[in-house]
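Reader: I would like to go through some of the labels used for this model and hear what stands behind each one.
Author: Take a look at it, and then ask.

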Amino acid sequence: MRSERRIVLLTCGLAYLVMALWFWRHDLVPGDSASRAANAYYTIFSRDPHLAAIGFVWNPLPSLILLPFLPLGLLVPALTQEGLLVVLVSAALMTATVAVVHDVLRRSGVPVTPRLVLTAAFALHPMIVVYAGNGMSEACFLLCLLLAVRSLLIWLLDGRPESLVPLGLAVGLAYGARYEALAPVAAVPVLVGLISYVRHTGDRSIRLATARTDAVIAGLPGLLAVLLWATAGRLIVGQWFATFSSQYGNSAQVSANSGGISSVTGDDLPGRLGYGLQQLLGLAPFVLVLLAAALLVVWRRNDLRPLAPVTVLGAVLAFDVLAFLSGTSFGWLRFHIAAVPLSVLLAGHLIAVLPARAPGWRRVVPLVLVLAAIPSTLITLGRPTLAREESEWLTAGGAARTSGLAHVNRRVAADLDALGLPEGAVLTDAAYAFGVVLASDNPKQFVITPDRDFPAVLADPAAHGVRYLLLSAQGAADAVRTRHFGPGSGVTLTGAVRTWSDPSGGTQWTLTRV
Amino acid sequence: MRHSAHVVLSRPQRAGLIVALLLIGVWAVLRPMAVLQTVVALVTIAYTAAIVFRVVLVWAAGRGEHRVTVSDEEARAIGDAELPVYTVLVPAYREPDVIGLLMAHLGALEYPPDKLEVILLLEEDDQATIDAAESVVTGGHIRILVVPESQPKTKPKACNVGLAVATGEFVTIYDAEDVPDPLQLRRAVVALRRLGPTYVCLQAELGYFNVDQNRITQWFALEYATWFRSLLPGLVALRMPIPLGGTSNHFRTAELRELGAWDPYNVTEDADLGIRLARSGHRVGVLASVTLEEANSDFINWIKQRSRWYKGYLMTWLVHLRAPRATIRQLGWRGLLCLNLFVGGTPLAALLNAVLWATTILWFLDRPPIMEEIFIPPYYYLGLLCLIFGNATVIYLNVLSARTMNRPDLLGTALLSPAYWAMMSLAGAKAAWQLVFKPSYWEKTTHGLHLPRKEAPAHAE
């Protein structure tokens with residue numbers, strides 16, 4: 001068993017390492033990954049290093065994980081300047097995720113051959129491979145979710161209240177990674193309470209009390225994570241849920257891009273439903289079939305084990321589908337990634353419950369249903385309308401755009417570094433300029449949004465020793481440009497001393513003198 | 001006795017303390033901010049360590065069974081002839097109303113009377129209890145020993161007097177109001193024989209018979225469940241010293257005598273004995289057998305009892321830090337951790353809580369800029385972690401205790417724990433004050449508050 005796990009860990013670790021190095025080598029580290037790394041970077045290397053610089057727009061765990069490793073960037077600058085660290089960390093986290101999937105399959109009682117096939121079907125799923133290597137928060141989120149699935153399964157098997165503790169912690173951590181975890185934060189305690197009530201016998205009031213206490217043990221860490229993050233945001237930046245209310249947050253971005261989004265996804269409910277379904281079935285073509293079969297098992301055999309993945313991963317999927325249908329989400333392909341482990345674990349369960357004398361084909365069918373996801377995902381990833389983000393890294397044109405942006409950022413950083421500016425000489429909005437700040441050898445030359453004196457400097461840059469404003473061309477909410485040149489990205493920027501363009505000739509950055 | 005709380009601070013300790021205070025005083029005059037920052041840093045680190053230690057104990061306890069379990073069958077399987085003589089010491093002071101019940105509870109013990117020696121330890125000036133006892137004591141195996149008037153008049157002194165005349169191979173202590181598991185003595189015999197001579201003592205679990213009397217007793221019951229089912233088994237799992245609880249500790253008599261028995265000057269002689277057992281290389285186990293006690297239901301009475309415990313823990317801590325080199329050599333790093341974070345840490349944390357909460361409230365109300373200067377970044381973040389995760393963790397563990405002790409209805413009590421901690425802070429302050437001004441004063445706990453009003457005993461003291 002141990003050697004089996006070691007082989008799984010070693011193979012995936014190596015494969016994901018190669019993938020991570022590929023993303024880094026080709027300058028394809030996505031902006032979302034780099035910005036999480038930058039959020040961590042500001043807390044140590046910015047002009048005003050403080051923990052709250054980690055920001056409140058995105059949930060903090062993916063950045064917090066990077067913190068202990070950031071000082072290594074002093075030895076190997078590529079770790080921070082070129083986003084190497086963030087992709088290495090996502091590779092490590094996804095490797096751990098595969099190990100957890102493997103362990104859940106073992107605990108579900110899946111025999112060794114199908115167990116290894118299913119583990120491979122998860123580990124080699126193109127979506128998982130891509131997100132292991134690109135540094136996005138998916139790896140961190142999936143790891144937390146699968147740890148929650150594992151703990152919930154253990155509790156379903158042993159019923160010990162102590163087993164609810166790791167479950168609660170995993171769900172709480174998942175909220176630290178992504179706000180979609182709100183769904184399991186709510187769903188898990190409900191399921192635990194219901195099952196606890198059904199399982200216990202005796203006096204109704206005792207059963208109720210037991211169910212309530214079990215639900216609290218499973219739910220308190222998640223609830224605390226939500227409250228804590230909200231309170232910290234309220235106290236430090238004045239917003240309870242910055243992701244929804246900030247000008248840089250998800251909601252603002254979605255509404256700013258709503259035209260672009262609906263032109264691809266359709267803006268009526270049937271259109272969106274069709275688009276979302278194409279994405280979901282692209283990643284896991286038989287997930288609904290497996291789900292129906294597993295629920296039948298729950299119903300017919302009174303076997304509750306499939307409820308572990310269905311509750312945790314299903315809640316996340318449902319949350320993302322509803323968010324998309326209601327027009328409050330980008331409808332990215334990756335929002336369906338939870339369907340990948342869900343179908344693998346459900347298939348595992350269907351195999352585990354087969355009697356020993358069942359014909360071989362009944363074991364093979366679930367495996368085939370799961371393995372079919374690999375070609376179908378490859379096809380989906382090749383279609384830029386469905387895989388809008390992924391095609392920016394995986395298609396030749398997209399990859400040229402992504403690496404082109406990275407090169408511009410590095411160019412800007414190098415040119416500013418060459419000016420030998422003092423601390424706080426360049427005022428810029430880090431929501432857009434994170435790539436420039438990361439790439440610079442002199443990050444303290446920038447006054448950035450997380451700095452505690454940013455509002456004061458923004459109001460009167462000259463008085464605070466600012467010499468230049470670095471303005472993004474595209475940023476819809478660029479605070480510096482909006483404050484000094486008015487809203488909208490089409491305004492003329494007076495006093496420009498320098499502009500930088502991407503390889504296709506589009507202006508990306510403008511430097512103006514104060 | 002070398003390790004006695006007869007004097008709380010030894011002469012070198014006193015001198016060291018005075019010199020240290022003087023130095024700090026001078027430093028505080030010269031660099032007040034540096035002193036404040038250092039104090040905050042040290043307090044934060046110690047506090048964090050105490051919380052981490054607590055979590056580690058619960059975690060360690062959760063990994064398997066660390067209590068010694070003896071089933072009913074195993075306990076009864078041993079023939080009367082093979083049982084050793086067992087001495088039960090019952091110290092009582094001003095408890096005339098509880099004596100009758102005591103006889104009933106001791107009568108329920110499944111142990112052959114000819115092998116059982118019960119010694120009621122009563123004080124010379126307590127005629128009421130002596131009279132009450134003389135009217136009910138019937139069996140030949142129960143006798144009354146009147147402890148002659150002498151100072152210090154404490155429970156451990158009475159126990160030492162009893163131990164001097166005890167004839168049992170094993171000896172244990174019950175309080176007058178205790179309701180021990182009838183098989184406890186047999187279980188202890190089987191367990192101690194099974195564990196072998198390195199184990200000199202077993203601490204049985206203490207629980208309460210009046211859990212639902214009011215909110216205080218509910219909190220108390222939760223606290224005891226955590227103490228005996230998580231923290232002490234955690235200490236066992238990590239092979240650390242076990243601070244004994246006041247009753248239901250079962251000893252091998254010879255080794256107990258050799259060790260010098262109880263320190264009559266220490267007001268938590270039991271915790272002190274636990275540390276001394278560890279220092280002499282003996283081991284202590286936790287026996288899965290419950291003795292029910294009366295949970296303190298009255299606020300004032302609770303504060304008195306708790307302040308005595310805290311004072312005793314502080315005394316024990318100071319006594320064992322007298323010769324630090326010997327302590328380190330004898331206890332090792334594990335024992336030292338337990339001594340500082342558990343024995344010293346429990347009362348100090350209770351005391352500090354009040355100060356730290358007051359600081360937090362002050363910050364939110366007024367945001368005095370000086371506090372930003374005192375709390376320098378690393379300790380500020382650490383303090384913040386303690387404030388949020390520390391409190392949340394302990395509340396969470398209490399919820400878990402409520403569930404594992406099969407009392408899920410105590411959920412609300414667990415969630416309201418912070419109010420109980422405020423009571424602990426009060427007791428901590430009283431303990432610190434008494435440690436300085438009345439170190440050996442024994443805060444008598446009044447028992448029988450669960451009995452109907454008309455039978456309520458005359459107030460002690």
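Author: One definition is needed at the start: contact means heavy atoms within 4.5 Å. The model is predicted.

Reader: With that in hand, what covers the buried residues of helix 16 of chain A?
Author: The cover includes helix 15 (269-283), helix 17 (307-325), helix 18 (339-352) and helix 19 (360-371) of chain A. The buried residues themselves are A:V287, A:L290, A:A294, A:V297 and A:V298.

Reader: How do you know that these buried residues line one face of the helix?
Author: Seen down the axis of helix 16 of chain A, they fall within an arc of 100°, so they line one face. An α-helix has 3.6 residues a turn, so residues three or four places apart point the same way. On the other side of helix 16 of chain A, A:W299 and A:R300 are exposed.

Reader: What makes the length of helix 16 of chain A agree with its residue count?
Author: At 1.5 Å a residue, its 15 residues (287-301) should span 21 Å, and the end C-alpha atoms are 21 Å apart, so the two agree. Just after this helix, A:N302 has a positive phi of about 55°.

Reader: Why is A:Y131 called buried?
Author: Buried means under 20% relative accessible area. A:Y131 has 0%, and is therefore buried. This residue sits in helix 7 (residues 126-133) of chain A. Leaving aside neighbours within four places in sequence, its contacts include A:M94, A:R334, A:I337 and A:W393.

Reader: Turning to chain B, why are helix 8 and helix 14 of chain B called roughly perpendicular?
Author: Angles of 65 to 115 degrees count as roughly perpendicular. Helix 8 (residues 215-237) and helix 14 (residues 377-404) of chain B pack at about 85°, with their axes 9 Å apart. The two are therefore roughly perpendicular to each other.

Reader: Which residues make that contact?
Author: Helix 8 of chain B supplies B:L222, B:T226 and B:R229, and helix 14 of chain B supplies B:N398, B:S401, B:A402 and B:T404. By class, two are nonpolar, four polar and one charged.

Reader: How do you know that the span of helix 16 of chain B agrees with its residue count?
Author: Its 21 residues (417-437) should span 30 Å at 1.5 Å a residue, and its end C-alpha atoms are 30 Å apart, which agrees. Among its buried residues are B:Y420, B:W421, B:M424 and B:L435. What covers the buried residues of this helix includes helix 8 and helix 14 of chain B.

Terms used
Residues are numbered from 1 along each chain as its sequence is written. Chains are lettered from A and ligands numbered from 1 in the order in which they are written. This is a predicted model: local features need pLDDT of at least 70, side-chain atom pairs count only at pLDDT 80 or more; totals for chains, interfaces and linings use all residues. Side-chain values use heavy atoms; hydrogens and water are left out. Helices (H or I, at least four residues) and strands (E, at least two) are DSSP runs, numbered from the N terminus. The expected span of a helix is 1.5 Å times one less than its number of residues. Buried means under 20% relative accessible area, exposed over 50%, partly exposed in between (1.4 Å probe, protein chains only). The arc is that of the directions from the helix axis to the C-beta atoms. Axes are lines fitted to C-alpha atoms, for helices over the stretch in contact, and angles run from 0 to 180 degrees between N-to-C directions. Angles under 35 degrees count as roughly parallel, over 145 as roughly antiparallel, 65 to 115 as roughly perpendicular and the rest as oblique. Ala, Val, Leu, Ile, Met, Phe, Trp, Tyr, Cys and Pro count as nonpolar, Asp, Glu, Lys and Arg as charged, and the others, Gly among them, as polar.
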